[in-house]
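The following note is intended for a colleague who is meeting this structure for the first time. Please read the points beside the model.

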Amino acid sequence: MEGIPIIKSKLLGILTVILGFIFIILPVFSSIFTSQVLGLSIVVFGIVSVFAGLNRELSKGYIIVGILLVLFGIILIFNVLALPILVALEFYIIAILMIFYAILSLFERKSLETIVASILLIIFSIIVFFIGKITILNPVMAPIIIGLALIVQGTHIVLINKYE
């Protein structure tokens, strides 16, 4: 019985690698499909939120959030570029937060290791920022970057379970 979770996680790793290759080989299809599935999920969540608001004596917060979710979901369903733009914005936000964290770390700690780590974090955040810029300028790059990340994650899952 102990081997079953390892088999499941190895299968998960293999499926993740396969999904990563699909994202790389068919980036436009992957982007459209992912955007539409995500958009449909958000629309359903928005509708549920509206009904939850109506059932709670017309709670305005649930209704407003539900309507906004439905609108956002519709944008994701019908706008092919919405998902890559969101991915690019995510890269920008992560890069900015990494820079703030590195700067705070530089001022807070004075050891050589933390200074080097902070400088490396600033360099990595600049790279992440440029990945966001590449994604905005070329939306097809978003699913390719996601595909590469899926391949790395899937490989990691398979290799971790190999040594357990």
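1. The expected span of a helix is 1.5 Å times one less than its number of residues, where helices are DSSP runs (H or I, at least four residues) numbered from the N terminus. For the 29 residues of α2, this gives 42 Å, in agreement with the 42 Å between its end C-alpha atoms.

2. This is a predicted model, in which local features need pLDDT of at least 70 and side-chain atom pairs count only at pLDDT 80 or more, while totals for chains, interfaces and linings use all residues. Residues are numbered from 1 along each chain as its sequence is written, and side-chain values use heavy atoms, with hydrogens and water left out.

3. S35 belongs to helix α2 (residues 27–55) and is buried, at a relative accessible area of 1%; buried means under 20% (1.4 Å probe, protein chains only). Beyond its neighbours within four places in sequence, S35 contacts L76, I77, N79 and L83, contact meaning heavy atoms within 4.5 Å. Other buried residues of α2 include G39, I42 and V50.

4. The largest nonpolar core comprises seven residues, L83, V87, F91, A95, M98, V128 and A142. Five of them, the largest share, come from α4. Such a core is a set of buried Ala, Val, Leu, Ile, Met, Phe, Trp, Tyr and Cys residues joined through side-chain atoms within 4.5 Å.

Key:
Helix = DSSP H or I, 4+ residues; strand = E, 2+ residues; numbered from the N terminus. Buried < 20%, exposed > 50% of the residue type's maximum accessible area, 1.4 Å probe, protein only.
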